Amino acid sequence: MAPKSIPPTPLVAPQEIELKLRVLGLETEEALHRLARSPSLARRQPQRRWLVNRYYDTPDQQLRQHRCALRLRQTLDSPSSTDATSRSWKQTLKTAGHTQGGLSQRGEWEADVPEGQLQRAALHGTAWDALDPDDAWFTQLQPCFETRCERTTWRVRRRDATVVEVALDAGTIEAAGRCEDFLELELELIQGEPAALFALARELAARVPCLPSSRSKAEQGQALADGSLHAVTKARRLMAIPGEPIGGLAQRAMADMLEQFTRNLEALMYDDVPELVHQARVGWRRWRSMEKLLRPWLGAPIDHTPLQPLLQALGQQRNLDVASTETLPGWADAWPGDAAVWADGAARLEQARCQQRCTVRRWLTTPATGLVLLQLAETLWHMTPTSADFTRRAARQRLARWHRKLHRLLTDQSGGAIDLASLHEARLLAKRLRYGSEALASAMARKHQRETARWLAEATEWQTRIGQARDAWQAGACLEQVGASEKQVYFLRGIGACMDRHAQALARRTPS
């Protein structure tokens, strides 16, 4: 059954504006202790409540398809309370809104309901009237999953009349026989401007390691139910919307890039799948490519220095992953030496991979990491999609400049072989051209879309070709670092040298 077309949420609808942060590497009491010492919360008495949230959907998940959530919430004064007077039930409808970098704005309607039963009357005058005008969905609603948590809240009031509610939720999600713990910070804007959320979030993130998170508890519960909660997040293909300025597409693309980066980072805390590391790095390279493409329009440069230890740890993890799971298995049959020597090198690499994962997770749980990611999210929020200076022509000109530079690097003008440093620079530029072209191709004028597609194909081809040689060199370097046999190290170096020469020869024949 095809999803119905839903009109936008009316401007008069109640709006929930919040910033969500995923707390990493801390137990609940330690997180509470650190938060209580932050200046904005230190002199405020927190309140504690215990919440049970039950989420509903139709058997064919119509609400999920429309990015909506309908829940019943029971509030208890204590986790073991049985006194009916200490309980309250609320029915809440949340609609799809605008989410990027952990900051979300969406429609929200709440109503008190008796005895924890869904009430259709409580949905009159809300977005449900457009979602389900004939009550066909309401009659099919059934519980899908449940969350239980202890919520600790602080109410922060500023002199400029800004009011923000800070909540630390510690609990579990139960869905389809699976159970997952969570520890999250939510900053909800009660009164004031969204900039206040980022300001307060920076203060808290300096004490508590966290990542901006764009995924609501409803989305987490749905993902847990279908087994995709910690799945690999890949880039989405975004198409230009008719009438949308190219800056709007650029902003949406960067939101997708930041989400790809942060979701894979978060999943790395729970899973060892090598593709998580790869896709996290892809998300970061996509973001950096767009930063460079949009540099004249983004304002002050962003300082990524505090993120470098994590990025370097991810790079080393990726080198070890590729060497262990791709390069060595791929060349094992060509190894002319003793099989035991090859097996020893593989075992050393596997041990180094496990140790490196601990290093990655240690940097993930460093507050400096979350602070930089918050800065990226805030930069995204401050972007002006309708900037008159950022046009399709300006974007094409910058992509064309990268393309010309790539060809200059790959074209031998002296008759000799292209040097390895130029090949490395060409690979980095190919990535930049590829990701910039992918992000903005659909917004280009029709006559330029074929040109952009050609640039994308060329950039992808060269990124792959030069990358294969690099992988062989890196495998040799990794084997040397872990103390493997010199024969095995030089075998991989020889393969890398041959592939470099092949790339150099092809570069000489690259047309300008």
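As the model is predicted, local features need pLDDT of at least 70 and side-chain atom pairs count only at pLDDT 80 or more, while totals for chains, interfaces and linings use all residues.

**Stop 1: the core**

Buried means under 20% relative accessible area, exposed over 50%, and partly exposed in between (1.4 Å probe, protein chains only). Helices (H or I, at least four residues) and strands (E, at least two) are DSSP runs, numbered from the N terminus.

Now zoom in on Val166 and show its contacts (heavy atoms within 4.5 Å). Skipping neighbours within four places in sequence, Val166 is in contact with Leu41, Thr152, Thr153, Trp154, Val156, Leu185, Glu186, Leu187, Leu200 and Leu204.

**Stop 2: the second largest pocket**

Which residues lie nearest the centre of the second largest pocket? Select Arg67, Ser214, Glu219, Glu259 and Arg263: they do, out of 44 lining residues. The volume of this pocket is about 1,100 Å³. On a 1 Å grid over the protein atoms alone, a pocket is an open set of points with protein on both sides within 12 Å along at least five of seven lines, a cavity is a set where a 1.4 Å probe fits but cannot get out, and lining residues have an atom within 4 Å of a point. Points are joined across faces, edges and corners, and a volume is the space filled by probe spheres set on them.

Colour the lining by element next. At least two residues each come from β1 (15–23), α2 (62–65), β5 (98–100), β6 (103–112), α5 (217–225) and α6 (246–268). The largest share, nine residues, belongs to α6. Colour by class and you get 14 nonpolar, 16 polar and 14 charged residues. For these classes, Ala, Val, Leu, Ile, Met, Phe, Trp, Tyr, Cys and Pro count as nonpolar, Asp, Glu, Lys and Arg as charged, and the others, Gly among them, as polar.

Stay on Arg67 for a moment. Arg67 sits in the loop between α2 and β3 (69–76), and has a positive phi of about 55 degrees despite not being a glycine.

**Stop 3: two cavities**

The structure has two cavities of 30 Å³ or more. For the largest, at about 40 Å³, select Pro212, Ser213, Ser214, Arg215, Thr262, Arg263 and Glu266, which line it. Three of those lining residues, the largest share, come from α6.

For the second largest cavity, at about 30 Å³, pick Leu268, Val277, Gln317, Arg357, Val360 and Arg361. Helix α10 (residues 339–364) gives the most to this lining, with three residues.

**Stop 4: Leu51 and Thr147**

Select Leu51 in strand β2 (residues 47–57) and Thr147 in strand β7 (residues 142–157). Are they buried or exposed? Thr147 has 0% relative accessibility, so it counts as buried, and Leu51 is buried at 2%. Beyond its neighbours within four places in sequence, Leu51 is in contact with residues including Thr147, Arg148 and Cys149. Applying that same exclusion, Thr147 has contacts that include Leu51, Val52, Asn53 and Phe182.

For a contrast, jump to Ala176 in the loop between β8 (163–175) and β9 (178–191). Ala176 is exposed, with a relative accessible area of 55%, and its phi is positive, about 50 degrees, although it is not a glycine.

**Stop 5**

Finish with helix α12 (residues 392–410), whose 19 residues reach 27 Å from first C-alpha to last, close to the expected 27 Å. The expected span is 1.5 Å times one less than the number of residues. Buried residues in α12 include Ala394, Arg398, Trp402 and Leu406.

Then take helix α14 (residues 446–481): its 36 residues should span 52 Å, and its end C-alpha atoms are 51 Å apart, which agrees. Just after α14, look for Gly483, with a positive phi of about 80 degrees.

How values were computed:
Residues are numbered from 1 along each chain as its sequence is written. Side-chain values use heavy atoms; hydrogens and water are left out.
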